[in-house]
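Look at the sequence and the 3D view first, then read on.

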Amino acid sequence: MSKMIKRIVSGCLVICMLAALSSATTVFARMVAYGSEKAGYLVSTKQIRKKTNTYDDSSLNKAYKSYMTYGAKVWKDCGIMTMKRDKSSVNKVLAYNLKDTSVTAHAITTPNYATGHIESFKIEFNTRRLDKLPASFNKIVAAHEIGHTLGLLDLYEKRNKVQLMYGGVGPLADKPTAKDIKGAKYATRK
Ligand SMILES: [Zn+2]
């Protein structure tokens, strides 16, 4: 199963996302403000810089909502971010059906143009792919995508296969590791 798992980098412009969708192996230039592959975390120039947030996943079915519940919980449990459901949230979590089943999900973040900090996000789950995968994996996908909404970027070097934010092919941590947390602490600092 894991051989099939690919993700695309979050936080890119829409045009980059479309380019990435056309090639699951695309790794495009990432604006890194902090960290490195060697450090085990990469923090984008766009960061959330706050400790609580909301999301609206009211259009998702029960299973996908449960994946989001899990993802929110693991980031809360490590003290990084408290995320609450709110139907009026600007942050949207949606299901979509993409023919390219090498894409499992993606997260798009929008900065505040004055501060550069992440102001809103959108997570989309590719149901055509994820419906065929076990809940135990899909929960991890949700946790990974939430990591992007904080400002964390995908890692691709083999040494980082153990991190939640690993974005290539391979096994994944089921919750943020010490290194994911280190990057996330930076991204969510006040
Ligand atoms: Zn990713």
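A nonpolar core is a set of buried Ala, Val, Leu, Ile, Met, Phe, Trp, Tyr and Cys residues joined through C-beta atoms within 7 Å. A residue counts as buried if 20 or more other C-beta atoms lie within 10 Å of its own, as exposed if 12 or fewer do, and as partly exposed in between; C-beta atoms are placed from the backbone. The largest such core here has 38 residues. Met68, Trp75, Ala142, Ala143, Leu150 and Leu152 have the most contacts inside it. Two or more residues come from each of β2, α2 (62-77), β6 (105-111), β7 (118-126), α4 and α5. Helix α2 gives the largest share, seven residues. In soluble globular proteins, nonpolar side chains tend to be buried together.

The model is predicted: local features need pLDDT of at least 70, side-chain atom pairs count only at pLDDT 80 or more, and totals for chains, interfaces and linings use all residues. Residues are numbered from 1 along each chain as its sequence is written.

**Confidence.** pLDDT is the predictor's confidence in each residue, from 0 to 100. The protein chain averages 87, and 84% of the residues score at least 70. Over residues 1-27, pLDDT stays under 50. Where pLDDT is low, the predicted coordinates should not be read in detail.

**Overall layout.** The protein chain has five helices and seven strands. Helices (H or I, at least four residues) and strands (E, at least two) are DSSP runs, numbered from the N terminus. Their order from that end is α-β-β-β-α-β-β-β-β-α-α-α. Of the 190 residues, 42% are buried. Two residues are in contact if their C-beta atoms, placed from the backbone, lie within 7 Å. Among contacts between residues at least 6 apart in sequence, 68% join residues at least 24 apart. Met68 touches Tyr55, Asp57, Val93 and Ala142, leaving aside residues up to four places away in sequence.

**The sheet.** Two strands pair if DSSP finds at least two bridges between them. Three strands form an open, mixed sheet in the order β5-β7-β6. Strands β5 (92-96) and β6 stand at the edges with a single partner strand each, so one side of each has no neighbour in the sheet. The twist averages 20 degrees from one strand to the next. The table lists the pairings.

| Strands | Direction | Bridges |
|---|---|---|
| β6 and β7 | antiparallel | seven bridges |
| β5 and β7 | parallel | five bridges |

His106 has Glu124 in β7 as its bridge partner. Ile108 is bridged to Lys122 in β7. Ala95 stands opposite Phe125 in β7. The hairpin of β6 and β7 has six residues between the strands, and Gly116 takes a positive phi near 85 degrees there.

**The helices.** Helix α4 lies across β6 and β7, at about 20 degrees to β6. Axes are lines fitted to C-alpha atoms, for helices over the stretch in contact, and angles run from 0 to 180 degrees between N-to-C directions. Which residues of α5 (178-187) are buried? They are Asp180, Gly183, Ala184 and Ala187. Seen down the axis of α5, they fall within an arc of 100 degrees, so they line one face of the helix. The arc is that of the directions from the helix axis to the C-beta atoms. These buried residues pack against β1 (32-36), β2 (41-44) and α4 (135-150).
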